[in-house]
Structures are given as C-alpha cells and as structure tokens.
Amino acid sequence: MNRIEHQTPMSAPTAEKNPAHSVTPVKIKRLVSGLLSWFARHARDLPWRRTRDPYAIWVSEIMLQQTQVKTVLPYWERWMREVPTIESLAKARPEKIHKLWEGLGYYTRVRNLQQAARLIWEKHGGRFPDRFDEVLALPGIGRYTAGAICSIAFNQPTPILDGNVIRVLTRIFGIGGNPRDKNTNARLWQLAGELVLQATCPAPRTSHLTPRASRFNQSLMELGALVCTPRRPKCAVCPVKKFCVAFQENLIEELPNLGKRTTATHRRFHAYVVERRGKFLVRQRPAGVVNAHLWEFPNEEIDPDKVQVPNNARPFCTIKHSITRYRITLEAFVADAVSAKKCVNGDGRWLTLTELKKLSFPSAHKKILASLAGAR
Ligand code: SF4
C-alpha cells in the first residue's frame, strides 16, 4: 500500500473547490521528504531520542500524555535513574513509583505502567514485545502509544494520531470535519498510515539503515509542537507550507474544527490543616477515584457561589488550578480537629512533616505541604 490514490482532498469545502489542492502521490512524496529533511535539521535533542530502548521510549510517551516536554524532562531523567528496566519497574514498591510521578498528575498512568511491566515480565519473559497487537494489549497503551512505540523503537510503519498530529494533518490536507467524528477520525488515521508507509520507501541517496518510519512520525509530532502550534503557527518557516491547504486558503483559524468548546466549571474546596503535638492529620484517597492512593489534607467541596469561612478556622493559603474543564479553587485553613474529622471518616493518620514529605500528594495538596514546611 505505498501508492496514495486520493484525488479529492478531504472534507473542507474550500479545498474541494480548488483542484490545486488535490492529494497526489507526488505531493505526498514531497511532503514526506520535506518533513524528514526538516526533522533532520531541527529536531530537538531530547534524551529519549538518543535511545532505541522501547522501555525508555514507552516511559517517555506515557509521561508526555497531557504534559509538556519541559515538565517531563526532569521526571524522565529521574525515573530512568531510579527504575531503569522493565524488571525494576515490575518489582518496584508502588509508593516509590507514585513518589517519582508526584506532580505529573493523571496517576492512573503510573499504575498502568507498573501493571504492564509485570505483564511483560510474566508473559514476554521481560522483553518488550515488538508486535503492534501485543503492545496494544498492554494496560494503559492505546492505538496512538502503540503506534509511537512500534515506529520509534522498532521503525515499523505504524501510524500515530494525537492532538498535535491531528492539527498538522487537518491543516495540511484541509480536513474540515470534526476529528472526533467517526468518519473524519478514520480518515485521519488512514492518512497518517499512508504517510508513514510512504516514508519507509527508500529515497535515492538515502541509507537503508535510516529509521525513516521512526523519524517521520517524530517529524509530525515535532512540527505540531514547534511550528504548527494551536495559536499563531509559524507558517513563514514551515517546511510544508507550499502543500498546506490551510495556509494557501487562509483556513488556519478554522482548522482543526473541534466544535464547540465545553465551558469551564468552577469548583471550590476547603482543606483543613490540623496539628496535634507536632503531627498533622492527612488521609489517603481510596482506590477507584481521581488521584487514587495519593495523600491529602482533609477537605470537602463547598458551594462555589457562597463565600464561607469555616468555624474556628484561620485562612492559611489559596491554590488555584485546572483539571480538564474544571477550574478549581482550594482554600486551606488552619483549623481544629472538629472541622477536619468530618471529612476523614475515621481513616485519617497523624504524621510529622518529615513523614509527610515521603508520601505522594496531588499537586494542590503538595503546595499546602510546601507552605506548611516554609512556615516552620
Ligand atoms: Fe501548519 Fe502553517 Fe505549516 Fe500549514 S503552513 S502546516 S498551518 S505551520
């Protein structure tokens, strides 16, 4: 399947009116080679790009979900020092890997990583599988991540499609349908597949040893991260602008067509800092909820429209943060045990600051802990 047969481009009405933007095999070839040579010159030197170790690449891909490269860098370096192999991850204490993940959020990711490592250990003798279906069957690995691992680590022509790639492809090919719609999404996967397959066709004067599927997929990701950004893309320096329908047709603002944005919801919480003989009351979040197994100060959700100060409590600090569509305000109070105990259902623990620092907290509660430590 190395010929691209599309003669009409996608579903953007403007693109369809203009035959100059039809997708021809020649254009696809030039597009792929333009991206590959741009990537050779402009790729960032990221530590997980200096290896073909599927374990290291897998960890980077999971950390990079919903998280920026600059945030991930120190986490990845520390993780690879502390848990450098599948075996060490399979055998690590859950508290250790939670602590290493602390601050990255979406903690289901780290639990799935360990579950998958244990499965690889038991089912594949500790060797990371190199078949797409086997990679896809691992916990926490979806079609995108399986495609990324198989292409980057094993140079297989497996497509990838995440937010960055969707943005790049919808703009280049003038795809006007909503990428979440079944047909548009299938179309995008098909295109991503045809492109990476094209990349594996050896180009003249190119070594057969060049891992072109790996580089091509990374070039799509890199273009989305550095050039074809959500706002104000740098079209002037884009290596594929002459093939880009959005650029040619002035459709950049319209693509990708993500439909109506969900409106943000405000949520407000009170957290209680309670001290007794040098120890503080905390609780561990149960299994099956967001941030499961992490620790937190006793807290409760309150009516966001009512300004309330709890009885016998003194404001300590306020933390604002966002999780998906929620805008959260967490107000911490130095309070008596009565305010706090109603939130802990008997499962609270009294711990010293030194003990608390060894536990994993969600980011907002970690900030309360940092303020507490700074106030001492
Ligand atoms: Fe994105 Fe602009 Fe390049 Fe098109 S020309 S791919 S919109 S950066």
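Helices here are DSSP runs of H or I with at least four residues, strands are runs of E with at least two, and both are numbered from the N terminus. With that in hand, hi everyone, let's walk through this one.

This is a predicted model, so local features need pLDDT of at least 70, side-chain atom pairs count only at pLDDT 80 or more, and totals for chains, interfaces and linings use all residues. Residues are numbered from 1 along each chain as its sequence is written, and side-chain values use heavy atoms, with hydrogens and water left out.

Let's start with a loop. Between α3 (54-64) and α4 (69-82) you'll find glutamine 66. Its phi is positive, about 65 degrees, and yet it isn't a glycine. Most residues other than glycine have a negative phi. Is glutamine 66 buried or exposed? It's exposed, at 65% relative accessible area; the cut-offs are under 20% for buried, over 50% for exposed and partly exposed in between, with a 1.4 Å probe and protein chains only.

Arginine 277 is another non-glycine with a positive phi, about 50 degrees. You'll see it in the loop between β2 (275-276) and β3 (279-284), and it's exposed, with a relative accessible area of 75%. From the C-alpha of arginine 277 to that of tryptophan 350 is 9.5 Å in space, while in sequence they are 73 residues apart.

One more loop, the one between α13 (245-248) and β1 (265-273), holds proline 256. The peptide bond joining leucine 255 to proline 256 is cis, with omega about -5 degrees.

Now for the inside. A nonpolar core means a set of buried Ala, Val, Leu, Ile, Met, Phe, Trp, Tyr and Cys residues joined through side-chain atoms within 4.5 Å. The largest one here has 39 residues, and Leu169, Phe173, Leu195, Phe216, Leu223 and Val240 have the most contacts inside it. Which helices each supply at least two residues of this core? They include α2 (25-42), α9 (143-154), α10 (163-173), α11 (182-199) and α12 (212-226). There's also a second, separate core of 36 residues, with Ala56, Val72, Leu100 and Ile120 among them.

Take phenylalanine 216 as an example. Contact means heavy atoms within 4.5 Å. Leaving aside neighbours within four places in sequence, phenylalanine 216 touches Val32, Leu35, Leu36, Leu195, Val196 and Ala199 in that sense. Serine 219, in helix α12, is buried at 0% relative accessible area.

Last stop, the ligand. Which residues are around it? Arg171, Ile172, Val227, Cys228, Pro233, Cys235, Cys238, Lys241, Cys244, Phe247 and Ile252, where being near takes a heavy atom within 4 Å. Of these, Arg171 and Ile172 are also among the buried residues of α10. That's the tour, so over to you.
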